[in-house]
Amino acid sequence: MSRDFIAPIQVVHLFVVDSDFHIEDSPSDNMELKVDVSYQDVHLWKNDNGAHASLKMCVSGSLVDRDGDAREKMHAGVTVSISVSAQIPKSSSDDEARHYLLSNAISMAYAHAKSYLMVVTGLSPMGALTLPAILPAELSADCDVPFQGE
């Protein structure tokens, strides 16, 4: 096994900045999980010391009654703020650097949000909400925010 298993990216900050949770009085025996993931406030910048990215990620999970009226029986959401930095090779294009920084930031922010929601919902009568894995590269692919100089 290789000894270089630590990614060359550092988390500058990772915080929960907002959350909400609601559960109805009458849970259902036949629930369907709905998941929504989005991010905003993306900032990218480069300087001689490396490249940096920051964003806010919103993650929500809902349990919806598959029978009857398809009403939402439980909702839990969280917004996570993350900032990361990394040394990017000079030969890397802006697109490669953007993809690397955002994919990693999205992955780490989602993992934090997922854990947070598991803990919060685990205290409810519905039990812990376990969100599925995501493809961070797919989420970051459409971002075309330009790098700013620092």
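Before anything else, a definition: a residue is buried under 20% relative accessible area, exposed over 50%, and partly exposed in between. What you have on screen is a predicted model.

Let me start with the chain as a whole. There are two helices and five strands. Reading from the N terminus, the order of elements is β-β-β-β-α-α-β. The C-alpha trace spans about 55 × 35 × 25 Å along its principal axes. Of the 150 residues in the chain, 37% are buried.

Next, the contacts. Take those with a sequence separation of 6 or more: 72% of them are between residues 24 or more positions apart.

On charges, the chain has 10 positive and 21 negative ones. How far apart are their mean positions? The answer is 4 Å.

Now the sheet. Strands of a sheet pair through backbone hydrogen bonds, either parallel or antiparallel. Here five strands make an open sheet with mixed pairing, and the order across it is 1-4-3-2-5. Which strands sit at the edges? They are strand 1, residues 9-23, and strand 5, residues 147-149; each of these pairs on one side only. On average, neighbouring strands in this sheet are turned by 15 degrees against each other, with direction ignored.

As a reference point on screen, find isoleucine 9, which stands opposite alanine 86 of strand 4.

Then helix 1, residues 94-122. Helix 1 lies across strand 1, strand 2 (31-47), strand 3 (50-65), strand 4 and strand 5. Relative to strand 4, helix 1 runs at about 140 degrees.

Last, the aspartate I mentioned. Aspartate 41 is part of strand 2. Its phi is near 50 degrees, a positive value in a residue other than glycine. Is aspartate 41 buried, exposed or partly exposed? Its relative accessibility is 44%. That value falls between the 20% and 50% cut-offs, so aspartate 41 counts as partly exposed.

To recap the layout: an open, mixed sheet in the order 1-4-3-2-5, helix 1 lying across strands 1, 2, 3, 4 and 5, and a positive phi at aspartate 41 in strand 2.

Technical notes. Residues are numbered from 1 along each chain as its sequence is written. This is a predicted model: local features need pLDDT of at least 70, side-chain atom pairs count only at pLDDT 80 or more; totals for chains, interfaces and linings use all residues. Side-chain values use heavy atoms; hydrogens and water are left out. Two strands pair if DSSP finds at least two bridges between them. Helices (H or I, at least four residues) and strands (E, at least two) are DSSP runs, numbered from the N terminus. Axes are lines fitted to C-alpha atoms, for helices over the stretch in contact, and angles run from 0 to 180 degrees between N-to-C directions. Contact means heavy atoms within 4.5 Å. Buried means under 20% relative accessible area, exposed over 50%, partly exposed in between (1.4 Å probe, protein chains only). Lys and Arg count as positive and Asp and Glu as negative; His and the chain ends are not counted. The place of a charge is taken as NZ of Lys, CZ of Arg, CG of Asp or CD of Glu.
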